[in-house]
Amino acid sequence: MTLPDEFIVRNRRLLGEKEYNLFEAALQKTPPVSIRVNKRKNGSRFFGQNIVPWEENAFYLEERPSFTFDPLFHAGTYYVQEASSMFLGQILEQYVKKPVRYLDLCAAPGGKSTQAIDILSKDSLIICNEILRSRANILTENVIKWGQPNCIVTNNNVSDFSYLHHYFDVILTDVPCSGEGMFRKDNGAITEWSLANVNRCSSRQKEILSSTWDLLRPGGLFIYSTCTYNTEENEDTIIWLHENYGAEVLPVITKQSWGIKPALKGNFPVYRFMPHATKGEGFFIAVLQKPDSESCTHRETLISAALKKNKKKKNNGQRQTSDNGLYHYISEADNFVFENNEERSFAFPKVYANDLILLSDRLNLLHAGIPLTVSKGKDKVPEHALALSSYINRKNFPTVEIDISTAISYLRRETITIPEGYPKGYLLVIFKDTPLGWIKNIGNRTNNLYPQEWRIRSSHSPENTEHFL
């Protein structure tokens, strides 16, 4: 790795000669591989391995397997995530003790969103947003694979949220940055680096934060993170939030053995992950609290106005809210509302049904709750998201268990053969007691219903699949 000269000079000055030498030596090493297990799915095979110290459900792997050919990876039983970024879990566990409305503003590809889904109360509402449509599609895929119903994925600019004054209890802004912490993984981050880009990122980050601050209720938590090392995008931003918005910077309990570094500028409690000190990539994170100086009644006003508007839509026949025979598709159905239109149906947690109306009024929703069916001609085809949902009522669907070679063929969206005797119609495909998706059995053959855009595109056949079993 050839580092930019100016990057070397700046970081040598920040860290000092001795520590900089350790830092640069670490950048020349292969980065560690880490995964985080989905607590509600079949991830038990990883337990007992080398645990990530600050996340009890995450593990370092000795080598990087070909995740592409692991059916349980596609089923959402685990997520391949950089270990340092999992420190978000410590903040949520220490400071969020009750249900919240949570916004992950720059959420793609979804590592921090799916971690929040696991840690926050199942009665929380989690909105995961991404401005770029291509990245938002990846975010949607990963949220669907995680299988929880209390999530909404949006594809919006920050400004589109401006009507949600004081709506959120917790906001995470993992802002776009100069990416210095990704040098080991992305050569493009090195070639694109410049001091001018650092300064552009710093200015853009402040614009994002200025547009976001009003969305947070008084007393709410604001979590700021980057994957970069410089102080312009890190400590300077925290100082700016404190001075301009009165934000209180909160401490997080850590252990000395974790090797997390303190601030390189100022004396606020911030948390720096450096590759020579922690087993992970470069990462910076801080948690701030908005002054609790006024009562928060704006949320109720917003929801009330949205309900009045929605009532008019219902009277005009634009919304349908009956289960339409889909009640038996999911478990705990009494806790959901069901929505249907001519094309699709889905279920959404009843406790946030009014919030869904508010959010769908002005935001571009790519995913919400549990998609149930999509209309294809006269057929109501079960949605792939239903198969991956932790709430699918499996006893009401015929299933077919397949081996790993058939599973890989299925994930390539190839036609698979099943034994005789299965009923015609839609069958839930199972690998190691974990749903992968649907096929339609039409008697003499099957139709593979795995999503075209998610299929394995590689024609390579793995020589060894034992570590997937």
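The model is predicted: local features need pLDDT of at least 70, side-chain atom pairs count only at pLDDT 80 or more, and totals for chains, interfaces and linings use all residues. Residues are numbered from 1 along each chain as its sequence is written, and side-chain values use heavy atoms, without hydrogens and water.

The protein holds 13 helices and 21 strands, taken as DSSP runs numbered from the N terminus (helices H or I, at least four residues; strands E, at least two). Its radius of gyration is 24 Å, close to the 23 Å of the globule rule for 469 residues, so the protein is as compact as a globular protein of that length. The radius is taken over C-alpha atoms, and the rule is 2.2 Å times the number of residues to the power 0.38. Of the 469 residues, 55% are buried, meaning under 20% relative accessible area (1.4 Å probe, protein chains only).

Strand β6 spans residues 125-129; 5 of its 5 residues are buried, so the strand is largely enclosed by the rest of the structure. Leu125, Ile127 and Asn129 lie on one side, Ile126 and Cys128 on the other.

β6 pairs with β5 (residues 101-104) in the parallel sense over 4 bridges; pairing requires at least two DSSP bridges. Arg101 has Leu125 as its bridge partner. Strand β7 (residues 151-154) also runs parallel to β6, joined by 4 bridges. Here Ile126 stands opposite Cys151. The chain passes from β6 through helix α6 (residues 133-146) to β7 in a right-handed β-α-β crossover. Right-handed means that, with the strands pointing away from the viewer, the path from the first strand over the helix to the second runs clockwise. β5, helix α5 (residues 111-119) and β6 likewise form a right-handed β-α-β unit.

Methods
Buried means under 20% relative accessible area, exposed over 50%, partly exposed in between (1.4 Å probe, protein chains only).
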